[in-house]
Amino acid sequence: MSENAPQSISLDDLPLSQLQSIKSQLESEISEMTSAFSQMKQAQSAFRECKNCITSMSETKDKTIMIPLSNSLYVPGKLSNIDSVVVDVGTGYYVEKSTEDAAKYYDGKIEYVQSNAQKIQETVEQKQTSYRGLLDVMQYKITQQRQGAKPAGVSA
């Protein structure tokens, strides 16, 4: 057997205080991962919106559109070039791409985020299963302690 192989410890062998600590840790991990999953879904939604804007650009050529200058300030304008767009590729870098390449870029981003979100969801499900098992063991130990605390020889 390898020296570095992880050792398995039965939850039944741990005292209730350690189980409570493990429970708190699992709750924290589930909460963090659920938050990360939510952020992934928001990012995916933003990338889909970008892709939808690219695909709908051809419909807006030669039509007046509102161009945002800030969150609440717009000016009317027309798209003169719908063959290329400037894409925010992160950390303040922008790249000019053809609309076709930009659509492919966002497809890749959507796929990448979906893949990571799926992995996070699977991990959350595994941790929730572990959490439910831990709660079952804790409930059993609490029941055992209560039964052990009843005075002996008392009959009704």
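How many residues apart are K104 and E100 in helix α2? They are four residues apart, which means a separation of about one helical turn. The model is predicted: local features need pLDDT of at least 70, side-chain atom pairs count only at pLDDT 80 or more, and totals for chains, interfaces and linings use all residues. Residues are numbered from 1 along each chain as its sequence is written, and side-chain values use heavy atoms, with hydrogens and water left out.

Salt bridges were examined across the model. A salt bridge is taken as a side-chain nitrogen of Lys or Arg within 4 Å of a carboxyl oxygen of Asp or Glu. Four salt bridges are found in a search of the whole structure. One of them joins K104 and E100, with N to O at 3.4 Å. Both of these residues, K104 and E100, are exposed. Here exposed denotes over 50% relative accessible area, buried under 20%, and partly exposed the range in between, with a 1.4 Å probe and protein chains only. Helices (H or I, at least four residues) and strands (E, at least two) are DSSP runs, numbered from the N terminus.

A salt bridge also links E27 with K23, at 3.5 Å from N to O. The two residues lie in helix α1, which covers residues 16-60. E27 and K23 are four residues apart, about one turn of the helix. E27 has a relative accessibility of 34% and counts as partly exposed. K23, at 17%, counts as buried. Contacts, defined as heavy atoms within 4.5 Å, were listed for K23. Leaving aside residues up to four places away in sequence, K23 touches Y131, L134, L135 and M138.

The pair E29 and K127 forms another salt bridge. The closest N and O atoms of E29 and K127 are 2.7 Å apart. E29 lies in helix α1 and K127 in helix α2 (residues 99-149), so the pair ties together parts that are 98 residues apart in sequence. E29 is partly exposed at 23% relative accessibility. K127 is also partly exposed, at 22%. Side chains of opposite charge can pair when their charged atoms come close.

Helix α2 also holds A103. Is A103 buried or exposed? At 12% relative accessibility, A103 counts as buried. With residues up to four places away in sequence left out, A103 touches K51 and I54. A103 and V86 are 17 residues apart along the chain. Their C-alpha atoms are separated by 12 Å.

A disulfide requires a pair of cysteine sulfur atoms within 2.5 Å. The count by this rule is zero. For C50, the closest cysteine sulfur is in C53, at 6.5 Å, too far for a bond. C53 is likewise in no disulfide, and its nearest cysteine sulfur is that of C50, 6.5 Å away. C50 is partly exposed, with 29% relative accessibility. C53 is partly exposed as well, at 39%.

Strands β1 (65-68) and β2 (74-77) have a loop between them. Strands are treated as paired if DSSP finds at least two bridges between them. β1 and β2 run antiparallel and are joined by four bridges. A hairpin of five residues connects β1 to β2. P68 stands opposite Y74 in β2. In a regular strand the side chains alternate between the two faces of the sheet.

A nonpolar surface patch is formed by I67, L69, L73 and V75. Together these residues have about 330 Å² of accessible area, computed by the Shrake-Rupley method with a 1.4 Å probe, where for residues only the protein chains shown count as cover. Patches comprise residues with over 30% relative accessible area and no salt bridge; like charges are joined within 9 Å, and nonpolar side chains (Val, Leu, Ile, Met, Phe, Trp, Tyr) within 5 Å. L69 is found in the loop between β1 and β2. L69 is exposed, with a relative accessible area of 56%.

Backbone geometry was computed for T91. Phi of T91 is near 45°. This is a positive value in a residue other than glycine. T91 is placed in the loop between β3 (84-90) and β4 (93-98). T91 counts as exposed, at 76% relative accessibility.
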